[in-house]
Amino acid sequence: MTKADLNPSEFDTYYQRYIDKLSNKTKLRKGYETGKNAIIDFFESIPDEKSTYRYQHNKWSIKEILQHMIDTERIFIYRCFRIARRDATALSGFDQDIYVNPSDANNKSMEDLLNEFTINRNNSISLLNSLTDENLSFIGNSNGSAMSARAAAFTILGHDIWHMEVIQNKYL
């Protein structure tokens, strides 16, 4: 299954900005493996003194962005799972900003954050490997809009790229 298999009717237009970060040839399951390595390499390359840097007072630090990426993957892979299992219950949205302070990301080491990311990503990979393409094509309701299980999963991959580009362009 590749990004080219997605139909725009499978997700809200808000997520287009993340999905557009992916090539049409991006394979869903392979993207999680290669993305895991890219994220680890990227964050390991950031100097420690930059890890709590904010380019503006009201912006998240690099550690907080990584924690946000982890938290968002947890939420979207949960959406993917519920929808793939044909759960038609409308899934609520979340306010990403309220997750930051209680995460205490700036008091975690980069090593601990990357370990948390790796464990979470491996769980996501395991889930995706357990789902059929037919299951991933099922469309449910997330945050008041149609979303397929595969769209939720592809959104995570694009969301990761989005935030690494923001860090590269505004923090480093």
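The questions below cover pockets, a residue and a helix pair.

Analyst: This is a predicted model, in which local features need pLDDT of at least 70, side-chain atom pairs count only at pLDDT 80 or more, and totals for chains, interfaces and linings use all residues. Residues are numbered from 1 along each chain as its sequence is written, and side-chain values use heavy atoms, with hydrogens and water left out.

User: What is the volume of the largest pocket?
Analyst: On a 1 Å grid over the protein atoms alone, a pocket is an open set of points where a 1.4 Å probe fits, with protein on both sides within 12 Å along at least five of seven lines; lining residues have an atom within 4 Å of a point. Points are joined across faces, edges and corners, and a volume is the space filled by probe spheres set on them. For the largest pocket the volume is about 320 Å³.

User: Which residues are closest to the centre of the largest pocket?
Analyst: The lining of this pocket has 16 residues. The closest to the centre are K59, W60, Q96, H163 and V166.

User: Which element gives the most to the lining of the largest pocket?
Analyst: Helices are DSSP runs (H or I, at least four residues), numbered from the N terminus. Two or more lining residues come from each of α1 (16–19), α3 (62–84), α4 (96–103) and α7 (149–170). With four residues, the most comes from α7.

User: Which element gives the largest share of the lining of the second largest pocket?
Analyst: The second largest pocket has a volume of about 220 Å³. Its lining has 14 residues, and the closest to the centre are Y14, Y15, F76, F94 and Q96. The elements that give two or more residues are α3 and α7. The largest share, four residues, comes from α3.

User: Is T155 buried or exposed?
Analyst: T155 is found in helix α7. Leaving aside neighbours within four places in sequence, T155 is in contact (heavy atoms within 4.5 Å) with Y15, Y18, I19, F76 and M147. Buried means under 20% relative accessible area, exposed over 50% (1.4 Å probe, protein chains only). At a relative accessible area of 2%, T155 is buried.

User: How are α2 and α5 oriented to each other?
Analyst: Axes are lines fitted to C-alpha atoms over the stretch in contact, and angles run from 0 to 180 degrees between N-to-C directions. Helix α2 (residues 28–44) and helix α5 (residues 110–130) pack at about 175 degrees, with their axes 10 Å apart. Angles over 145 degrees count as roughly antiparallel. The two helices, α2 and α5, are therefore roughly antiparallel.

Technical notes: Angles under 35 degrees count as roughly parallel, over 145 as roughly antiparallel, 65 to 115 as roughly perpendicular and the rest as oblique.
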